[in-house]
Amino acid sequence: MSRKIELLAPGGDVDAIKAAIVAGANAVYCGLDTFNARNRATNLSFDDLIGVIGLAHQYQCEVFLTMNIVILEQEFTGLIKLLNQIVNIGIDGIIVQDLGIFNLVKKYFPSLAVHASTQLTTHNPGQIRFLAKIGATRVNLSRELNLSEIKSLTTLAHEHDVLTEVFVHGALCIAFSGQCYSSSVSVGNSGNRGRCSQACRDEYEITAAGNKFPLNLKDNSAYFDLPELVDAGVDSLKIEGRIKGAQYVHTVVDSWRKQIDRFIETGQLLSDNTQLYKVFNRDFTNSFLKGNLTKNMFIDNPRDNSFKHANDEHNAISVVQIQQVQQGLSEEKNAIGAHVVEKIKHLSIAKQTLTIHFSGQAGKPLTVNVTTNKHNFCVHSEMPLIASEQTSVDKSAIEKRFKSLQQGKYSLQAFDFCDLEAGLSIPFKELTRIKNQVAFLLNDKVRVIPAVSLPTLTKHSKLTETPTLSILISDEKDLHLADITDADIYFKLPESFKKNCTKYIDILLRNPRLIPWFPAVLIGKDYIEAVKILEQVKPVRIVTNNTGVAYKAFEMNIDWIAGPFLNTTNSHALLTLQEELNCSGAFISNEINQNQIKNIARPENFKLLYSIYHPILMMTSRQCFFQQTVGCNKPSIEDGCMLKCEKATTITNVKGISFAVDKQKGGYPSIYNHEQFLNMNVIEDFSHLFDEFFIDLTNIGSGSKAELDKTELIRHFEKLIKGDSEAKIQLDAMVTVSTHAQYSQGL
């Protein structure tokens, strides 16, 4: 087999990266202490990153920098400064969630390879095309996909010169990545900013099914699925674990390296995965890959399973037996740790030393001799030095221009002027040319890209002077609401459709006032059916939370608005949507606060929307929340579960806070906060910014709360938008359990 299969390893700190390199990783991904989605990892300083790149490249190992969080408007000055730095240090790619970074890279840093993070929830063909259009060179496919879906998307990605990577080992989130707000809602730490507090690992009051950790999945391991992944054409096998240490990283990477090498050499697999159980694990599952979503994916303990596994393997039952097994495993763990320390102790990420020697005399060229650990070269001026006491080039003038050479991968040891005569002159322009030539040669003959400055964006005017109201419904029984309001009425489409069913096409054709609202997740046949709605209804306008549907709307020249679950937080993301895909408007994320909203610059002829009333979604999953809560007789999730099941329950954490577990017909299992989102302050704060304020009247996620009078809600909200203070009192009285904490705390 000749095709390269990349083994991509996590690097939360320098030792973990060293461990990955010596264990045989083809690439590592790591983050700085800013702009990355693992703030609980140790992470790297910028100097560390430079050293890591140098070390990794010595071992033919690539380095990808994680910048996989949503970006706030005020952070773009720091972000552009960082991009100016990393574009010249030999980084092999950046991993990105925020759509605004795609815009910046395409315009100002086209030499950077951009990888679409798993946070972009990529799971259908339209999303591959969307990401290729905005500049992605690689896509991390959603870890909920099965092998057939991975193969289909990878084939398409390759047709668009996009590589694919798949998580093959490590922790599994029960929620779709990029669509989990549980940590943000419950403790104010957003997963979209790398501060996930892992609410899915929390303990809950014991459920009817007898579980204390009903949301806790086993770890992912596709160790024995390598042939199928190779057959699917996957380019990169990715190991999760940037908060894990060197011992874990080395063990997992080494195990996978041996498995890949064995398969390449013989076409056979190693049958022993014992080493993987000797480091942290929650036991293993490959059920997402196999498309077999059973109860066995869960484990009722979020902590390390390695000791329990050892007991089970040795059938240790008595106290003495258990003690012996535990001691033996502890000794093995210590031995692994010592082995890793020994293997990496000689590896250095120290900067290369740099010495610059200047020599010259009147009538001769200025000569600059440069010496590093691996370089020794001379650069000469193109004109001779001339005697001139008044405009002489002194040491300080030279140092001023050449000191910037130490800001990259080099540690400047000395400027040596012993062979440069005094009282000589050369044009400063020529001195700068020499410095640039030295920089070019030090950068392995790769042109140093000059720093760019980010232009100030124009804040364009609103499309309408007075903001309007829009409402969301999901049932034909609510169509009568159209008779009492002039508001835009969005119709929420499900996440799953019966194949070739025309129900929703018929509803939309019968009611042309309805504006289709597409969900965030549409996989397989459900994406195909969603596209059929566009093709047969040909709506004038849609709202979509799915970038695949967005791309199809762009292709069909349908006016489209980016929904709230696209997590839009800044002006440059808006520009990506408008400039690349002709988007006409976007919801601004409900996760950001007043100060984070106020500086967003509206693109020209672009609509800005904000949701002021809705159920607060915490997470959506392809797995079933009911297996571990109320229980379910089915051994695994079936195709009909999405279409038929409409169970609901609540789970209560050990702090006594309850959450609604809701499953609508045609929807994925979801968990909602016990409070509704109600933000009336934003109307007073930002009526000058937003064109439209939105309310969700679907009943989805309401749990056991009584259904409110929707006619009354509409009337009060319409009055509120017009400045009626009495309406605020009425709404507070109607919506008794509400919060707008996210608007206060922000990201």
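Predicted model: local features only at pLDDT ≥ 70, side-chain atom pairs only at ≥ 80, totals over all residues.

Guide: Leaving aside residues up to four places away in sequence, Ile-94 touches Leu-65, Met-67, Leu-83, Ile-86, Ile-101, Val-105, Leu-112, Ala-113, Val-114 and His-115. Ile-94 belongs to the largest nonpolar core, which has 194 residues, and together with Leu-49 and Ile-86 it touches the most other members. If you want to know which helix contributes most to this core, look at α9 (residues 246–266), which supplies eight residues.

Now step away from that core. Another one lies apart from it, with 26 residues that include Ile-356, Leu-420, Leu-431 and Ile-434.

From here, turn to a sheet and its helices. The sheet is open and has four strands in the order β13-β12-β11-β15, with mixed pairing. At its edges stand β13 (376–384) and β15 (410–420); each has a single partner strand, so one side of each lacks a neighbour in the sheet. On average, neighbouring strands here are turned by 15° against each other, direction ignored.

Helix α13 (residues 395–402) packs on it and touches β11 (352–360), β12 and β15, its direction making about 150° with that of β15. Helix α14 (residues 428–442) lies across β11, β12, β13 and β15, and runs at about 160° to β13.

The structure holds zero disulfides. Take Cys-30: it is in no disulfide, and the nearest cysteine sulfur, in Cys-61, is 9.6 Å away, whereas a disulfide would need the two sulfurs within 2.5 Å. Cys-30 counts as buried because its relative accessibility is 0%. For Cys-418, the closest cysteine sulfur is that of Cys-378, and at 13 Å it is too far for a bond. Cys-418 is exposed, since its relative accessible area is 58%.

How values were computed
Residues numbered from 1 in each chain as written. Heavy atoms only, no water. Buried < 20%, exposed > 50% of the residue type's maximum accessible area, 1.4 Å probe, protein only. Pairing = 2+ DSSP bridges. Helix = DSSP H or I, 4+ residues; strand = E, 2+ residues; numbered from the N terminus. Axes fitted to C-alpha atoms, helices over the stretch in contact; angles between N-to-C directions. Contact = heavy atoms within 4.5 Å. Core = buried A, V, L, I, M, F, W, Y, C linked by side-chain atoms within 4.5 Å.
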